[in-house]
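Dear colleague,

I am passing the structure on to you with this message, and below it you will find my notes on what turned up in it. Please read them with the structure open beside you.

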Amino acid sequence: NYYNYIKNINMIAIQSLIAFCLFVVTSGYKTYPLKKISNRDFVAGILSRAVKGQKLSYRQSSNGGSIVINDYENSQYYGEVALGTPEQTFNVIFDTGSSDLWVASSNCDDSCGRHAKYDSSKSSTYVANGTTFNIEYGSGPVSGYQSIDTMNMGDLIVKGQEFAEVTDASGLGAAYKLGKFDGILGMAFPILSVNKVPTAFENVYDQGLVDENLFAFYLGNSRVDKGELTLGGVNPDHYTGDITWVNLLSATYWEIAMDDVVVDGKSYADPTESPMKAIVDTGTSIMTGPAEQVKQIADALGAREVIEGEYFVNCDVTANMEFVIDGNTYTLTPEDYLIPDGDICLLGLMALDIPKPTGPLWILGDVFIRKYYSVFDVANERVGLALANHG
């Protein structure tokens, strides 16, 4: 009997180990790290733009719908993907505010600088497409043509990924030419794609590489704590408490309704817009809002404008900033919404007027997502928010 008891215990242990191993292998999601530009370099980019008189801009499509925010040059978070066989590696910004994947082409002019460039002649899995690709940013064009190849996205191998080879990146200016990212990987809905092609994550899910049709962002707040993108699930190590779900207003951007914006106890909601609209956007480094409300908030904080709509403020402000979404309050302390550089801080909120019907619009960018772990549920057309765990 004792022998049988020990045998049963051993069998249970072996079965548990097998089950654990199966869970690890088939848990159905994939995580991989993001890279982060330092606060000092980020603020330096803002100042450089101010000196040149440049400001945040957007492009709106001719039908009055789709917009693209031109803030990539100062994005803080990016990661690697690879295209082709053998693989050619690129640093890309994972952008929930757009839907296309593009990288610099080997045929790009000098506007692409020294960025990694995709060379179709070096890939055995390349398939020509040739459809014209063109995005008109506020400051100029980003254009090229569509191609098809194998993509490695966090060790998930996607077959037949359509993407754009950019041959003219002048619309992103010198900051792209000299910057750290080679392209953009859009993670909004396919309807926003320039040529209505399947998004990278759409292909990841449709090809059975992950179990769940969702992804999540954890954005780190230091050089050591950089961030992580999770495909096909959520990583419970990176948030505390429950995930609160908010249904989308439309499956275009990750657009949600917002009830109020409160700073130091005072409401800055637009009484003519109820509810207000907001998008959760990993491709915009800080937060944006309508110019009138942002100026009122900046004035209340004692901030000074360094370029139209962008503000610096003393780092000793004490007022909290609250965003009320679906009846729940998401609080940012000064430590959350200020980006320090020595004795001065960049206010993590800038003015951007986006006209109707897309706007008026608040953009909850990386400043917000750093505080709140953000889950993008494609299948159920909703966003999940939980307090991020930065250890």
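Let me begin with a cysteine: Cys 112 is buried, because its relative accessible area is 0% and the cut-off for burial is under 20%. Please keep in mind throughout that this is a predicted model, and that the values here are computed from it.

The partner of Cys 112 is Cys 108, and the two form a disulfide in which the sulfur atoms lie 1.9 Å apart. Cys 108 also counts as buried, since its relative accessibility of 12% falls under the 20% limit. The link between Cys 108 and Cys 112 is right-handed, with 80° about the S-S bond.

The structure holds two disulfides, and the other one joins Cys 315 to Cys 345, with 2.1 Å from S to S. Cys 315 sits in the loop between strand 22 (310-314) and strand 23 (321-325), while Cys 345 belongs to strand 26 (residues 344-347), so this pair ties together parts of the chain that are 30 residues apart in sequence. The link of Cys 315 and Cys 345 is right-handed, with 115° about the S-S bond. If the bonded cysteines of the chain are numbered in sequence order, the pairing reads 1-2, 3-4.

Finally, some figures for the chain as a whole. Its secondary structure comes to seven helices and 30 strands, and buried residues make up 55% of its 391 residues. Among the contacts between residues at least 6 apart in sequence, 70% join residues at least 24 apart. The accessible surface of the chain comes to about 16,700 Å², and carbon and sulfur atoms account for 50% of that area.

Note on methods: Residues numbered from 1 in each chain as written. Predicted model: local features only at pLDDT ≥ 70, side-chain atom pairs only at ≥ 80, totals over all residues. Heavy atoms only, no water. Helix = DSSP H or I, 4+ residues; strand = E, 2+ residues; numbered from the N terminus. Buried < 20%, exposed > 50% of the residue type's maximum accessible area, 1.4 Å probe, protein only. Contact = heavy atoms within 4.5 Å. Areas by Shrake-Rupley, 256 points an atom, 1.4 Å probe, with all protein chains shown as cover. Disulfide = S-S within 2.5 Å.
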